[in-house]
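Biologist: I am new to this structure. Could you show it to me and take some questions?

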Amino acid sequence: AKVEAFNERLGDAQLLRFQIWFLKNSVMVWASEQSAAAAAATAASGPASPLAFGSLAAAFPPSEAYGTSVAHVASTKLIGTNACEVSEGVARHLAQRLRMPVYASIQLAADDLTTRHIVEQRLLSALVRYRSGPQQSISAD
């Protein structure tokens, strides 16, 4: 599996960390939000902290016969509580756009719609940029 990792700052107060695993016929994404102060403390103490999977969801796109709406994407939480729906929502949207199974673990400090949207857009942009293979016609819009 090919793995891509990157970070992105949101203003002076937040750092978003991302990892994407390109599997044979699916993709797994991980994103975590950190305060800039916590990120600076982690950087000063050595290598980045290990990935934490507080939640994990899977989503599977429908066959063409069932349509292309996100409402037709089958998804489930594998790890986590019903209160945390961010991972499942991101997995559903990415599976719809990519037309392939997506596993997602999204760790945000709060279910902030703006940050969630930014995370989804950054992941989709990275997937479009890094993805290789026969289905390279994915659009980021």
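Modeller: Strands here are DSSP runs of E, at least two residues long, numbered from the N terminus. The model is a predicted one.

Biologist: How many residues lie between β1 and β2 in their hairpin?

Modeller: Strand β1 covers residues 2-10 and strand β2 covers residues 14-22; they run antiparallel, joined by nine bridges. K2 stands opposite F22 in β2. In the turn, G11 has a positive phi of about 65 degrees. The number of residues between the two strands is three.

Biologist: In which element of the chain is confidence lowest?

Modeller: The chain has a mean pLDDT of 80, with 73% of its residues at 70 or more. Confidence is highest in strand β4 (residues 56-60), at 95. The lowest mean, 60, belongs to helix α1 (residues 36-45).

Biologist: How far apart are the end C-alpha atoms of helix α3?

Modeller: Helix α3 (residues 113-130) has 18 residues, and at 1.5 Å a residue it should span 26 Å. The model agrees with this, because the distance between the end C-alpha atoms is 25 Å.

Biologist: Which elements do the buried residues of α3 pack against?

Modeller: The buried residues of α3 include I118, V119, L123 and L127. They pack against β1, β2, β3 (27-35), α2 (86-98) and β6 (102-107).

Biologist: Is E33 buried or exposed?

Modeller: E33 is in strand β3, and its C-alpha atom is 5.2 Å from that of L108, 75 residues away along the chain. The relative accessible area of E33 is 18%. The cut-off is under 20%, so E33 is buried.

Key: Residues numbered from 1 in each chain as written. Predicted model: local features only at pLDDT ≥ 70, side-chain atom pairs only at ≥ 80, totals over all residues. Heavy atoms only, no water. Pairing = 2+ DSSP bridges. Helix = DSSP H or I, 4+ residues; strand = E, 2+ residues; numbered from the N terminus. pLDDT = per-residue confidence, 0-100. Expected span 1.5 Å × (residues − 1). Buried < 20%, exposed > 50% of the residue type's maximum accessible area, 1.4 Å probe, protein only. Contact = heavy atoms within 4.5 Å.
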